Amino acid sequence: MTRANLAGLALALIALVAPLAWPWLKTPVVIAASFGVAALGVSILIRAGQLSFGHAMFSCAAGYAAAFLARAMPQLDSALLLLVGMACGAVMGMVIGLFVVRYRAIFFGMLNLALSMVLFSILGKFYSWTGGTDGIRLARSTFFGMQLDRDGFETALLVVAVLCSIVLALVVQRYQQSIAGQALAAVKTNETRLEYIGLSANKALWIGYVISASLCGLSGAMFALMQGLVTPEMGYWVRSGEIVFISILGGVGHPVGAFLGAVVFEFVKLYSAALFTGAWQMVLGFVLIGLVFFVPSGLSGLLFRKSKPVAETPAADKNDKGAAIAPAIEEVRS
């Protein structure tokens, strides 16, 4: 087992055990898990060289979908609401991704941002349906058929959030190692060569986009159940920026980086807001600046530092930007 996997398991164990000693940690840990799941989705696109400044729209839409459904069917189980949120993100990703994946670089990021601001405006204006800026409250429903009090509900959600984080990290790691995941990475390194070997760059990016959107959808439903409230602020561009910040903070070299970044982000924000009221954004800014200078590969990059020197790569291979799709080429040939 790699150091990154061990770090991920240790982080999950701490997330489960620490709230037993300090019950007030349940809320920040669940919120950190929800941010981590969203950052995991965004990191998939970052590996393809595409940065989205509007992925919070999937979290927001999923939160509202869960709220609407919970209001229409109060007897619906909370576990099903989580699945509804994930499905909502996936369906939105399928539709939006059909035309978003045709663009690259700044155009890709700004188009996502524009769509998220359209959703934010709609949710704020249609007060009779969405509650406007006041949002919609979610009544606490059963969890796996059990009617729980507030403390029991938060404990159940904590366990589910941590277990989902572990499973999703393993699934994303497997996806990144697959042909589809390596084809997605090749969109960043050499998109032209990817097309030459018969693999569609747009299709590879679309698949990654749908997975990314579904993860953000699950994140939004998880956040909504924990807060018991959904508001348009969940889809504001600042929230999208926070998700990108977490992805960069944790690094995209390994799925565990998203959750490391989420934990650090949530607790730095928590304590800096308490100690430096109104200036916690400045503290986060200094953290990001320090990270860029001293750990440019993110927190997860610290887990991959090698003690042995790496063998020198031949000059021809160094300049081969298509090396990232070597496994895909072998698969096509076979």
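Predicted model: local features only at pLDDT ≥ 70, side-chain atom pairs only at ≥ 80, totals over all residues.
Side chains of opposite charge can pair when their charged atoms come close. Across the whole structure, a search finds 5 salt bridges, among them the pair formed by K26 and D151, whose closest N and O atoms are 2.7 Å apart. This pair links distant parts of the chain, since K26 belongs to helix 2 (residues 26-47) and D151 to helix 7 (residues 150-177), with 125 residues separating them. K26 counts as buried, at 7% relative accessibility, whereas D151 is partly exposed, with a relative accessible area of 44%.

Another salt bridge joins the side chains of R104 and E191, with a distance of 3.0 Å from N to O. R104 sits in the loop between helix 4 (78-100) and helix 5 (105-125), while E191 is found in helix 9 (residues 191-196), so this pair ties together parts of the chain that are 87 residues apart in sequence. R104 is buried, its relative accessible area being 18%, and E191 counts as partly exposed at 27% relative accessibility.

A further salt bridge brings together K269 and E266, where the closest N and O atoms are 4.0 Å apart. Both residues lie in helix 12 (residues 256-275), 3 residues apart, which is about one turn of the helix. K269 has a relative accessible area of 18% and is therefore buried, given that buried means under 20%; E266, at 7% relative accessibility, counts as buried too.

Conventions. Residues numbered from 1 in each chain as written. Heavy atoms only, no water. Helix = DSSP H or I, 4+ residues; strand = E, 2+ residues; numbered from the N terminus. Buried < 20%, exposed > 50% of the residue type's maximum accessible area, 1.4 Å probe, protein only.
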